[in-house]
Amino acid sequence: MKEIELDAIDLQLLDQLQKDASLSNQVLADRVHTSAPTCLRRVKRLRESGLIEKQVAVLNPQTLAAHTGHGLTAIVEVSLDRQDTGAMEAFEKRVALEAAVQQCYRVSPGPDFCLVVHTWDMPAYRALTQRLFTTDANVRNVKAFFSVHRSKFGAELPMHVPR
């Protein structure tokens with residue numbers, strides 16, 4: 001990834017794409033007041049620089065639940081016995097391999113990690129905890145909070161767009 005300097009148009013592009021990455025290049029160009037070729041070139045540059053990590057579809061869990069069931073979402077606090085760099089990185093690598101772990105944050109103070117986990121049901125959650133926590137001698141404490149309602153979800157980063 002190469003470092004790039006961002007100007008007001010780049011920031012506006014990032015802001016628009018965070019809100020709706022499915023916008024056509026022409027619509028995106030119109031929204032940031034630039035030509036379509038310039039817009040296309042800038043978005044390509046933003047992708048190549050690594051600022052745009054990936055584009056995904058955000059699914060509606062309530063609508064999907066009619067087809068797959070609601071599943072179980074948990075916010076899990078994990079404390080390790082050893083917090084040296086190697087131990088922390090080893091834990092991060094292990095949880096990164098689990099599809100059920102949607103997010104992993106190294107935090108301070110308090111626990112060492114906070115995870116957002118989504119499984120089909122409680123037996124699947126229990127199996128996940130066995131794989132990730134019980135068999136790891138370095139995991140000292142695990143505390144889980146189970147979601148009963150999601151009132152907000154987002155992935156947009158605050159974008160200061162100069163005007």
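R42 sits in helix 3, which covers residues 36-48. The model is a predicted one. R42 counts as buried because its relative accessibility is 16%, and the cut-off for buried is under 20%.

The side chain of R42 makes a polar contact with the side chain of D7, at 2.9 Å. With neighbours within four places in sequence left aside, R42 is in contact with D7, I9, D10 and L13.

## Overall fold and dimensions

Six helices and four strands make up the secondary structure of the protein. In sequence order the pattern is α-α-α-α-β-α-β-β-α-β.

The radius of gyration of the protein is 20 Å, whereas a compact globule of 163 residues would have a value near 15 Å. The C-alpha trace spans about 55 × 45 × 25 Å along the principal axes. Of the 163 residues, 31% count as buried. Among contacts between residues at least 6 apart in sequence, 66% join residues at least 24 apart.

## The largest pocket

The largest pocket holds about 2,300 Å³ of space. Its lining has 48 residues, and those closest to the pocket centre are V58, Q103, F153, G154 and A155. Two or more lining residues come from each of helix 1 (8-19), helix 4, strand 1 (72-80), strand 2 (101-106) and strand 3 (113-119). Helix 4 gives the most, with five residues.

By residue class, the lining of the largest pocket divides into 24 nonpolar, 16 polar and eight charged residues.

Helix 4, the element that gives the most to the pocket lining, runs over residues 61-68. N60 caps its N-terminal end: a side-chain oxygen of N60 lies 2.9 Å from the backbone nitrogen of Q62. After helix 4 comes G69, with a positive phi near 90°.

## Backbone exceptions

Most residues other than glycine have a negative phi, and most peptide bonds are trans. H33 is a residue other than glycine with a positive phi, near 60°. H33 belongs to the loop between helix 2 and helix 3. H33 counts as exposed because its relative accessible area is 71%, and the cut-off for exposed is over 50%.

The peptide bond joining S108 and P109 is cis, with omega about -10°. P109 is in the loop between strand 2 and strand 3.

L23 is placed in the loop between helix 1 and helix 2, the latter being residues 25-32. At 15% relative accessibility, L23 counts as buried. From L23 to V142 the C-alpha distance is 42 Å, and 119 residues separate the pair in sequence.

M159 lies in the segment after strand 4 (139-146). Its relative accessibility is 25%, so M159 counts as partly exposed. When residues up to four places away in sequence are not counted, M159 touches L11, L14, D15 and Q18. M159 and E92 are 67 residues apart in sequence, and their C-alpha atoms are 28 Å apart in space.

## Ala90 in helix 5

A90 is part of helix 5, residues 85-96. A90 is partly exposed, with a relative accessible area of 42%. Between A90 and L6 there are 34 Å in space, C-alpha to C-alpha, and the two are 84 residues apart in sequence.

Notes:
Residues are numbered from 1 along each chain as its sequence is written. This is a predicted model: local features need pLDDT of at least 70, side-chain atom pairs count only at pLDDT 80 or more; totals for chains, interfaces and linings use all residues. Side-chain values use heavy atoms; hydrogens and water are left out. A polar contact is a pair of N or O atoms within 3.5 Å; within protein, one must be able to donate a hydrogen and the other to accept it, and residues adjacent in sequence count only if both atoms are side-chain atoms. On a 1 Å grid over the protein atoms alone, a cavity is a set of points where a 1.4 Å probe fits but cannot get out, and a pocket is an open set with protein on both sides within 12 Å along at least five of seven lines; lining residues have an atom within 4 Å of a point. Grid points are joined across faces, edges and corners, and a volume is the space filled by probe spheres set on the points. Ala, Val, Leu, Ile, Met, Phe, Trp, Tyr, Cys and Pro count as nonpolar, Asp, Glu, Lys and Arg as charged, and the others, Gly among them, as polar. The radius of gyration is taken over C-alpha atoms; the globule rule is 2.2 Å times the number of residues to the power 0.38. Buried means under 20% relative accessible area, exposed over 50%, partly exposed in between (1.4 Å probe, protein chains only). Contact means heavy atoms within 4.5 Å.
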